[in-house]
Amino acid sequence: MRERTIAKSVEFIGIGLHKGLPVRMRLEPAEERSGIVFYRRDRNRYIKVRPQSVVDTRMATVIGEGGVTVSTIEHFMSTLYSYGIDNLLVILDSDEVPVMDGSAIAYSMLLDEAGIQEQRVSKRVLKIRDRVRVQEGEKYVELLPSKEMIFDFTIDFDHPAIGREHYRFNFTKQAFLKEIAKARTFGFLKEVQYLRSMGLAKGGSLDNAIVLDDYGILNPEGLRYPDEFVRHKILDAIGDLALLGMPIMGEYRAFAGSHALNHRLTLELLKEGAYDIVELDRDSTEEQRAIAYAFATG
Ligand SMILES: [Zn+2]
């Protein structure tokens, strides 16, 4: 299996979550081994997507270089991961990725329009060799060795509309589109009001998030999946791990995980060196065939 970029440039305009203003985003093909790179055209600054570029994880995953940042990259990164896109230039004229409907589905339609271009060099995967775990009280996220690509998430919210939800996701691109991509981000009305008072979340609405008050869901259309909350947490986790720049052969497991814990997990994995990098240079092993199948474009 080889590295991938997009076949042709595409561009669109969407609303940024925090400023509530239109943002233009353009995707361009990029060279082999160059990774995912954001370019802030308004500031003439390139920001390479990698765990070391993360500057904030409180509300969303934010990357930056030299004080220039790009916010809310996680849903877009999750989509790139699922399409097996290794190399891409993402040009923005503002500091946030358009939020779209709060899920990954609009980005997948954009990538379908751009098409996938196979490149010449072998794709590489991060194969987890030893367990790595980050814990904070009863919350944890961890990576374990596995012959499959699993994302296993449990949440437990003391809220009548959420409660305890568990989802075990066996990754393939097709399963991502069906089971995960449409799951929207969610937030509580109290938090939205607080954020608004700080001049944030100006673009946030029932069009791009599930919003809950103390009793239930405010969106008149209801949920897209019965367990949409935990599925969205998997969407986020894939996007956060995508910063490692390679797909992960292993099992990710989380209880009440967050962007902050996911970020710490990526740094810990790199620090511990608890992985092997495997070149997908042949399709002869069972493992390599399984990865090629997971990223099949058909
Ligand atoms: Zn999210």
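Figure 1. Helices (H or I, at least four residues) and strands (E, at least two) are DSSP runs, numbered from the N terminus. Two strands count as paired if DSSP finds at least two bridges between them. If you are following along by number, residues are counted from 1 along each chain as its sequence is written. Because the model is predicted, local features need pLDDT of at least 70 and side-chain atom pairs count only at pLDDT 80 or more, while totals for chains, interfaces and linings use all residues.

**Figure 2. A closer look at two strand pairs of the sheet, β4 with β9 and β2 with β3.** Strands of a sheet pair through backbone hydrogen bonds, either parallel or antiparallel. Strand β4 (residues 36-40) and strand β9 (residues 88-92) take the parallel sense, over 5 bridges. To find your bearings there, look for Y39, whose bridge partner in β9 is I91. By contrast, β2 and strand β3 (residues 22-29) run antiparallel and are joined by 6 bridges. Here G14 has V23 in β3 as its bridge partner.

**Figure 3. G20 sits in the turn of the β2-β3 hairpin.** The hairpin has 6 residues between its two strands, and G20 has a positive phi of about 70 degrees. G20 is partly exposed, with 15 other C-beta atoms within 10 Å. A residue is called buried if 20 or more other C-beta atoms lie within 10 Å of its own, exposed if 12 or fewer, and partly exposed in between, with C-beta atoms placed from the backbone. Not counting residues up to four places away in sequence, G20 touches I15, K202 and G203. Contact means that the C-beta atoms of two residues, placed from the backbone, lie within 7 Å. D227 is 207 residues from G20 along the chain, and their C-alpha atoms are separated by 28 Å.

**Figure 4. Two residues other than glycine, M100 and A256, have a positive phi.** Most residues other than glycine have a negative phi, and most peptide bonds are trans. M100, with a phi of about 55 degrees, lies in the loop between β9 and α2. M100 is buried, with 21 other C-beta atoms within 10 Å. A256 has a phi near 55 degrees and belongs to the loop between β18 (248-255) and α6 (259-272). A256 is partly exposed, with 17 other C-beta atoms within 10 Å.

**Figure 5. Helix α1 is mostly covered, whereas helix α4 is hardly covered.** In α1, 9 of its 9 residues are buried, including E74, H75, F76 and L80. What covers them includes β4, β9, α2, α3 (173-180), α5 and α6. After α1 comes G84, with a positive phi near 70 degrees. For α4 (residues 189-197), the count of buried residues among its 9 residues is 0. G199 follows α4, and its phi is positive, near 80 degrees.

**Figure 6. The largest nonpolar core has 77 residues.** Such a core is a set of buried Ala, Val, Leu, Ile, Met, Phe, Trp, Tyr and Cys residues joined through C-beta atoms within 7 Å. L80 and I234 have the most contacts inside this core. Helix α5 (residues 228-241) gives the most to the core, with 7 residues. The core draws at least three residues from each of domain 1 (2-121) and domain 2 (125-294), with domain bounds coming from an automatic or database domain assignment. Leaving aside its neighbours within four places in sequence, I234 is in contact with F151, F153, Y167, F169 and I180.

**Figure 7. Domain 1 meets domain 2, with 31 residues of domain 1 in contact with 32 residues of domain 2.** On the side of domain 1 that touches domain 2, α1 (74-82) and α2 (105-114) each supply at least two residues. The largest share, 7 residues, comes from α1. By class, this side has 14 nonpolar, 13 polar and 4 charged residues. Ala, Val, Leu, Ile, Met, Phe, Trp, Tyr, Cys and Pro count as nonpolar, Asp, Glu, Lys and Arg as charged, and the others, Gly among them, as polar. Taken over C-alpha atoms, the centres of the two domains are separated by 18 Å.
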